[in-house]
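Welcome! The briefing below is meant to be read with the picture beside you.

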Amino acid sequence: MELRQQIRGFVVENFLFGDGAPLKDDQMSLLDNGIMDSVGVMELVAFLEGDLGLGIDDQELVPENLDSIDNLVGFVTRKRG
Amino acid sequence: MTVHGMLLETAARRPDAVALTHGERHATYGNVAAEAGRIARFLRERGVRRGDRVAVLVENSPEYVAAFFGVLQAGACCVALNHANKEETHRALLRDSGAVALWTRAREARALPEIVDGCPDLRFAVVDRANPGWRLPAGLGLHRADEAAALAPLDGAGEAGPDDLAAILYTSGSTGTPRGVTLTHGNLVANTGQILAYLKLGPEDSVCCVLPFHYSFGNSLLLTHVSCGGRTVIDNRFAFPQQVLETLARERCTGFSGVPSHYAILCARTDFLERPHQDLRYITQAGGAMAPDLVRRIRGALPDRIAVYIMYGQTEASARLSWVPPERLREKFGSIGRGIPGVSLTVRRPDGSECDAGEQGEIVAAGPNIMRGYWNAPQETAEVLFPDGLHTGDLAYRDADGFIFIVDRVKNMIKAGANRVSSKEVEETLLQRPEVVEACVIGVPDALLGEAIEAWIVPADAAAFDEQALLRHCASKLASFKIPRRLHPVEALPKNSSGKVLKAELRASVR
């Protein structure tokens with residue numbers, strides 16, 4: 001599955017319970033729009049580490065890496081690069 | 001003394017000292033008092049009077065603080081709403097409190113028309129900017145916050161006195177609908193003094209605040225620092241905990257306060273325990289029992305010069321009831337400590353007599369910080385307030401030194417992170433759907449949250465049961481922290497002979 005689809009799928013499945021409508025575009029902030037909360041960030045990190053097999057450093061837990069679909073795709077791509 | 005009187009007094013004494021830091025913004029005591037005074041005048045000019053309730057729906061920020069103190073200076077009582085709640089909950093609380101005005105911002109009240117719909121007592125709302133698409137109920141006034149900016153601050157502390165209500169803090173109740181805990185100026189001022197007496201905060205102190213001000217623990221951080229002239233450093237981005245630690249270091253905070261899940265996340269996903277923390281003088285923890293192993297780990301890793309305060313409290317007690325003196329923490333792991341100065345905290349038998357050491361009973365609290373009662377709920381008030389004090393619903397015993405250890409809670413409450421969640425409220429939400437025949441909601445132990453919400457469901461048609469659809473329904477009705485983390489579809493719930501669901505059996509099944 002394409003990476004963007006996989007990440008989007010996780011967010012929609014786990015934070016929006018299957019209804020992707022509130023996720024209007026891939027730039028929108030997941031936190032500011034109430035899609036993800038602080039516990040959600042921990043679930044997201046578990047997904048990135050578990051399902052995508054990334055090693056994530058504590059210093060990398062920043063909005064620039066995690067707070068939108070675009071940021072997530074960019075972050076994972078850089079990590080894998 | 002009144003709550004806003006504490007701000008006015010500090011502003012007169014230290015007008016140029018920084019009261020609040022939020023990102024790049026710094027507000028001095030002079031600024032905050034002037035801003036609050038303008039809001040007070042604005043509200044008075046629009047007919048707000050002593051004893052009225054004014055709701056504030058604003059995330060932690062200098063705007064929240066100004067609105068909170070402005071409402072009090074106007075003589076009214078502040079009803080601080082949790083922005084994580086859904087429109088339906090906001091509306092229910094506006095109605096229940098009979099708020100005459102709502103002070104908010106477009107970012108917290110995107111769906112303002114839904115929030116204010118059907119609130120007969122509400123006369124006007126104030127926002128930072130109005131959305132031209134809003135269609136508000138006829139007769140409801142809409143004002144912009146900058147109308148207040150042009151006014152001169154109201155002089156003096158106004159009419160409210162120590163016995164007037166200062167705040168209604170809504171908290172989950174055993175009935176499923178949130179209950180308003182009514183706190184007077186006298187309650188909040190007393191608890192502020194009690195906390196200062198053991199934390200010994202001074203004007204050189206600054207706390208890194210990640211707790212919302214609408215929550216009694218967050219409110220107590222604000223009030224103690226305002227009272228002593230210290231600084232509250234606001235950081236609402238705990239979702240990125242490493243960044244909060246950067247704030248803590250950059251702003252040279254002397255204190256940090258959190259609930260167990262904050263410390264669990266800090267220990268799991270940041271270098272909190274390895275940092276030098278040059279300016280940090282103490283940390284405090286309340287808001288539910290923190291696993292003794294985690295307390296041990298934190299105490300063991302942080303330098304001894306950083307005091308670790310383990311505390312206990314309830315919204316019904318303004319905030320704080322007990323503390324473990326830091327120098328005794330190592331010998332009292334697992335204890336909530338003893339009553340703070342000015343609070344009598346005892347463990348009692350059902351007949352009201354005091355338990356012997358080692359004997360289990362209910363924690364009963366008395367002191368000037370105990371609430372007046374639940375708003376408009378005499379029956380529920382009578383169930384917890386007795387001549388000997390507040391019956392907390394927590395089962396505990398005390399040791400020979402008088403240190404209290406909590407064993408269990410009497411009421412059906414789940415403590416998920418900082419939030420007290422009523423199982424009943426979640427069960428009622430699940431049962432709104434026709435595909436749910438029976439539902440039982442419990443808290444199961446969770447490393448990060450303390451307890452996580454899980455629901456056992458008896459579906460009408462197991463084959464057609466759509467878990468995601470049911471969770472979407474919950475998400476449309478409940479704040480995110482109340483949504484069950486897991487649903488367990490089952491054929492039947494385990495029950496005793498009288499039909500009562502055996503929650504302990506469900507809890508044991510997930511271990």
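What follows is a short tour of a predicted model, chain by chain, with a stop at two residues.

**Chain A: how it is built**
- The C-alpha trace of chain A spans about 30 × 25 × 20 Å along its principal axes.
- Does the radius of gyration of chain A agree or disagree with that of a compact globule? A compact globule of 81 residues would have a value near 12 Å, and chain A has 12 Å, so the two agree.

- Of the 81 residues in chain A, 49% count as buried, that is, they have under 20% relative accessible area.
- About 3,700 Å² of chain A is accessible surface, and carbon and sulfur atoms account for 45% of that area.
- Looking at contacts in chain A with a separation of 6 or more, 53% come from residues 24 or more positions apart.
- Chain A carries 6 positive and 16 negative side chains, and 7 Å lies between the centres of these two sets.

**Chain B: how it is built**
- Chain B contains both kinds of element, with 15 helices and 27 strands.
- Its C-alpha trace spans about 65 × 55 × 45 Å along the principal axes of chain B.
- For 511 residues, a compact globule would have a radius of gyration near 24 Å; chain B has 23 Å, so here too the value agrees.
- The domain assignment of chain B lists domain 1 as residues 3-183 and domain 2 as residues 413-509.
- How far apart are the centres of domain 1 and domain 2 of chain B? Taken over C-alpha atoms, they are separated by 34 Å.
- The two domains do touch: 13 residues of domain 1 of chain B are in contact with 15 residues of domain 2 of chain B.

- In chain B, 59% of the 511 residues count as buried.
- Chain B exposes about 19,700 Å², and carbon and sulfur atoms supply 50% of this.
- Of the contacts in chain B between residues at least 6 apart in sequence, 66% join residues at least 24 apart.
- Chain B has 58 positive and 60 negative charges, whose mean positions are 2 Å apart.

**A closer look at B:Phe465**
- You can find B:Phe465 in the loop between β26 (450-459) and α14 (467-477) of chain B.
- Is B:Phe465 buried or exposed? Its relative accessibility is 16%, and the cut-off for buried is under 20%, so B:Phe465 counts as buried.
- Setting aside neighbours within four places in sequence, the contacts of B:Phe465 include B:Ile457, B:Leu470 and B:Pro489.
- B:Glu435 is 30 residues away from B:Phe465 in sequence, yet their C-alpha atoms are 7.1 Å apart in space.

**A closer look at B:Phe405**
- B:Phe405 sits in strand β22 of chain B, which covers residues 404-409.
- With a relative accessible area of 15%, B:Phe405 is buried.
- Beyond its neighbours within four places in sequence, B:Phe405 is in contact with several residues, among them B:Lys332, B:Phe333, B:Leu395 and B:Tyr397.
- B:Phe405 and B:Ala357 are 48 residues apart along the chain, and 11 Å separates their C-alpha atoms.

How values were computed
Residues are numbered from 1 along each chain as its sequence is written. Chains are lettered from A and ligands numbered from 1 in the order in which they are written. This is a predicted model: local features need pLDDT of at least 70, side-chain atom pairs count only at pLDDT 80 or more; totals for chains, interfaces and linings use all residues. Side-chain values use heavy atoms; hydrogens and water are left out. The radius of gyration is taken over C-alpha atoms; the globule rule is 2.2 Å times the number of residues to the power 0.38. Buried means under 20% relative accessible area, exposed over 50%, partly exposed in between (1.4 Å probe, protein chains only). Contact means heavy atoms within 4.5 Å. Accessible areas come from the Shrake-Rupley method with a 1.4 Å probe; for residues, only the protein chains shown count as cover. Lys and Arg count as positive and Asp and Glu as negative; His and the chain ends are not counted. The place of a charge is taken as NZ of Lys, CZ of Arg, CG of Asp or CD of Glu. Domain bounds come from an automatic or database domain assignment. Helices (H or I, at least four residues) and strands (E, at least two) are DSSP runs, numbered from the N terminus.
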